[in-house]
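Let's take a walk through a protein together. Have a look at the sequence and the 3D view below, and keep them at hand while you read.

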Amino acid sequence: MEELKRAVAKEALSFIEDDMVVGLGTGSTTAYFIEYLGKLIMEGELEDVYGLPTSYQARLLAIENGIPTLGLDEVDAIDVAVDGADEVDPNLNLIKGRGAALTMEKIVEYRAGTFLVLVDESKLVERLGQKMPVPIEVIPAAWRAIAEELEVFNADAELRTGSKKDGPVVTDNGNFILDARFHRIDDPLDLEIELNTIPGVVENGIFADIADLVLVGTKEGVKKLER
Ligand code: 5RP
């Protein structure tokens, strides 16, 4: 599995050129991409490339690997954003947010000229929600009210708790995460929009219609899925 992640991360480098601002996603697959990108920058193979991190994890990795970073409020445009995903459907709609970084990821990836997704083949599903719940970032005081509201959507929501921290996971933005299992997701774009109308919801992990290209690591090599 790690080999497949490394292979897509390497392939993603071919989309990066001098003078680009690159959105740096979050997660284990993107971590390889950040490592490889840093190497090219440090070796002088790429010039004037800046990373725009989507999380503290991405920022720390960028610093560790010698990638100069900029904040969202410092750039005019984002050329390419590179990130992993938890599920990818046949129309390249995604579920993201296992790493709780979905809000900043969506802001950066929505604004990017090209959004490139890196996954291994285990992430491909026929329908979103098949394997993974939809993460929803919520204002802490509203978590219970929103969990109840989600019953109207036929979803069971669970407050995400930490593994090396007692109590709820607190996001980079100081919020909580609800993991919502939906009975069936027929229209990802519609659900993405609807969820964001619930007061107290900051953002949700459905990324419909924004991925331009998905690189899929398979045992036979890297496959490209395009919209
Ligand atoms: C973080 C994410 C990640 O990109 C997603 O969970 C994929 O991670 P990995 O590459 O480790 O499987 O959405 O919020």
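Which helix and which strand each supply at least two residues of the shell around the ligand? They are helix 2 and strand 3, the latter covering residues 78-84. Keep in mind as you explore that this is a predicted model.

Let's stay with the ligand for a moment. There are 16 residues around the ligand, and those that come nearest are Thr26, Ser28, Thr29, Asp86 and Lys123. Zoom in on Ser28: an N or O atom in its side chain is 2.5 Å from an oxygen atom of the ligand. At Gly99 the backbone takes part instead, with an N or O atom 3.2 Å from a ligand oxygen. Glu105 places a polar side-chain atom 3.2 Å from an oxygen atom of the ligand. How much of the ligand does the protein bury? On its own, the ligand would expose 380 Å², and the protein buries 96% of that.

Now let's turn to charges. Side chains of opposite charge can pair when their charged atoms come close. This structure holds 14 salt bridges. One of them joins the side chains of Lys224 and Glu11, with 3.8 Å from N to O.

To locate one of its members, Glu47, follow the loop that runs between helix 2 (28-42) and strand 2 (50-53).

How values were computed. Residues numbered from 1 in each chain as written. Predicted model: local features only at pLDDT ≥ 70, side-chain atom pairs only at ≥ 80, totals over all residues. Heavy atoms only, no water. Helix = DSSP H or I, 4+ residues; strand = E, 2+ residues; numbered from the N terminus. Near = heavy atom within 4 Å. Polar contact = N/O pair within 3.5 Å; in protein donor to acceptor, adjacent residues only side chain to side chain. Areas by Shrake-Rupley, 256 points an atom, 1.4 Å probe, with all protein chains shown as cover. Salt bridge = Lys/Arg side-chain N within 4 Å of Asp/Glu carboxyl O.
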